Amino acid sequence: MGIDDTLSALPDPRTHSFPEYSLPRGDPVVPIAVTGDELTTLLELYETFAAVDPTGIDSNPFLQATTRFFEQTFGTPVYRPDEELADDIAAMLNDFSDDLAGDSLGVVDATPKHHKTLYFFLTSCRAYRSAPHIRFQPDSDAIDTLYEVYERVVDQEMYLKRPQTVFE
């Protein structure tokens, strides 16, 4: 699929809701198959995504000075809104890499947080791509790979990892 077709296939963020994963006595996970090549592609997409500054603070000296002034005056740090998402994506890719353990094909445990991170990664890619002031030109195959991994998480059933018994 083309990059615009892939990004337009996402659920609408205004009406999308995540399933409730409050399963008792255990860690809910979605086991999905991931290849080493897919993980490498996702890492390259993440690096492209993380390099984008949607606020313009990093490239605009006036905004940098204003931000520094507010931080010094009010004593509260000003952070970019995409930094937390970038941290979540990095943590998810690290978890997937740990589960894959250098193999060319393996099963990774996607948690409910990973499900949300994949969705927000996709919607942020769509937003960055459609914003005229942001220069974000990701590889079409990388977006397709991200969408395929997201679809695997959505289509798979939830299981309990390390289920607890009544006696615990």
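Tutor: A patch here is made of residues with over 30% relative accessible area and no salt bridge, where like charges are joined within 9 Å and nonpolar side chains (Val, Leu, Ile, Met, Phe, Trp, Tyr) within 5 Å. The model is predicted, so local features need pLDDT of at least 70 and side-chain atom pairs count only at pLDDT 80 or more, while totals for chains, interfaces and linings use all residues. Residues are numbered from 1 along each chain as its sequence is written, and side-chain values use heavy atoms, with hydrogens and water left out.

Student: Which residues form the nonpolar patch on the surface, and what is their accessible area together?

Tutor: Phe-69, Phe-70, Phe-74 and Val-78 form it, with about 410 Å² of accessible area together; such areas come from the Shrake-Rupley method with a 1.4 Å probe, and for residues only the protein chains shown count as cover.

Student: Why is Val-78 called partly exposed?

Tutor: Buried means under 20% relative accessible area, exposed over 50%, and partly exposed in between (1.4 Å probe, protein chains only). Val-78 has a relative accessible area of 41%, so the term that applies is partly exposed. Val-78 lies in the loop between helix H3 (61-74) and helix H4 (82-100), where helices (H or I, at least four residues) and strands (E, at least two) are DSSP runs numbered from the N terminus.

Student: What makes Asp-82 buried or exposed?

Tutor: Asp-82, found in helix H4, has a relative accessible area of 8% and is therefore buried. Leaving aside neighbours within four places in sequence, Asp-82 is in contact with Val-52, Pro-54 and Tyr-128, contact meaning heavy atoms within 4.5 Å.

Student: How do you know that Glu-38 and Arg-152 meet in a salt bridge?

Tutor: A salt bridge is a side-chain nitrogen of Lys or Arg within 4 Å of a carboxyl oxygen of Asp or Glu; for the side chains of Glu-38 and Arg-152 the N to O distance is 2.5 Å, so the pair qualifies. This pair links distant parts of the chain, with Glu-38 in helix H2 and Arg-152 in helix H6 (residues 140-155), 114 residues apart. Glu-38 is buried at 12% relative accessible area, whereas Arg-152 is partly exposed at 25%.
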